[in-house]
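Please open the structure in your viewer and keep the sequence panel beside it.

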Amino acid sequence: MTSPSPHDRRTSKTSGDAEEEDPVEQMISRTGCTEQHEALQDCMAEHRDWRVCQSYVGAFKKCMSDHHKARQEHLSQRMADSTST
């Protein structure tokens, strides 16, 4: 019997067999990078070698970085607005 891949975190079963979304998936969903993350997971599930999946790693990294930059800019703007009033 093989253990599940650590790269397949889409859903987990609870004792009541109801699907529960993984907290990591919830966080990624809020970033808007779900598509890139799922493509990376699919590649990892198929190849089991991150070196083969570098284009997907790069796309996911860029999406997350873009989200982080946009969030930082938004927070900076909110701080500037709150100090000017």
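A disulfide is taken here as a pair of cysteine sulfur atoms within 2.5 Å. The model is a predicted one, in which local features need pLDDT of at least 70 and side-chain atom pairs count only at pLDDT 80 or more, while totals for chains, interfaces and linings use all residues. Residues are numbered from 1 along each chain as its sequence is written, and side-chain values use heavy atoms, with hydrogens and water left out.

**Whole chain**

Begin with the protein chain as a cartoon, which shows three helices and two strands, in the order β-β-α-α-α from the N terminus on. Helices (H or I, at least four residues) and strands (E, at least two) are DSSP runs, numbered from the N terminus. If you switch to a surface, the accessible area comes to about 6800 Å², of which 51% belongs to carbon and sulfur atoms; such areas come from the Shrake-Rupley method with a 1.4 Å probe, and for residues only the protein chains shown count as cover. Of the 85 residues, 18% count as buried, where buried means under 20% relative accessible area, exposed over 50%, and partly exposed in between (1.4 Å probe, protein chains only).

**First disulfide**

How many disulfides does the structure hold? There are two, and the one to select now joins C33 to C63, with an S to S distance of 2.1 Å. The torsion about the S-S bond of C33 and C63 is about -95°, so this disulfide is left-handed. The pair links distant parts of the chain, since C33 sits in the loop between α1 and α2, whereas C63 belongs to helix α3, 30 residues apart. Both C33 and C63 are buried.

Because C43 lies in helix α2 and C53 in the loop between α2 and α3, the pair ties together parts that are ten residues apart in sequence. C43 and C53 are both buried. With the bonded cysteines of the protein chain numbered in sequence order, the pairing reads 1-4, 2-3.

**A stop in the loop**

Now select R48, which is found in the loop between α2 and α3. Its phi is near 55°, a positive value in a residue other than glycine. Is R48 buried or exposed? At 60% relative accessibility, R48 counts as exposed.

**Helix α1 against α3**

Two packed helices are described by the angle between their axes and the distance between the axes. Axes are lines fitted to C-alpha atoms, for helices over the stretch in contact, and angles run from 0 to 180 degrees between N-to-C directions. Select residues 23–31 for α1 and residues 54–84 for α3: the two helices pack at an angle of about 70°, with their axes 10 Å apart. That makes α1 roughly perpendicular to α3, given that angles under 35 degrees count as roughly parallel, over 145 as roughly antiparallel, 65 to 115 as roughly perpendicular and the rest as oblique. With contact meaning heavy atoms within 4.5 Å, M27, I28, R30 and T31 in α1 meet F60, M64 and H67 in α3.

**Helix α1 against α2**

Show the side chains of E25, I28 and S29 in α1, which meet T34, H37 and Q41 in α2.
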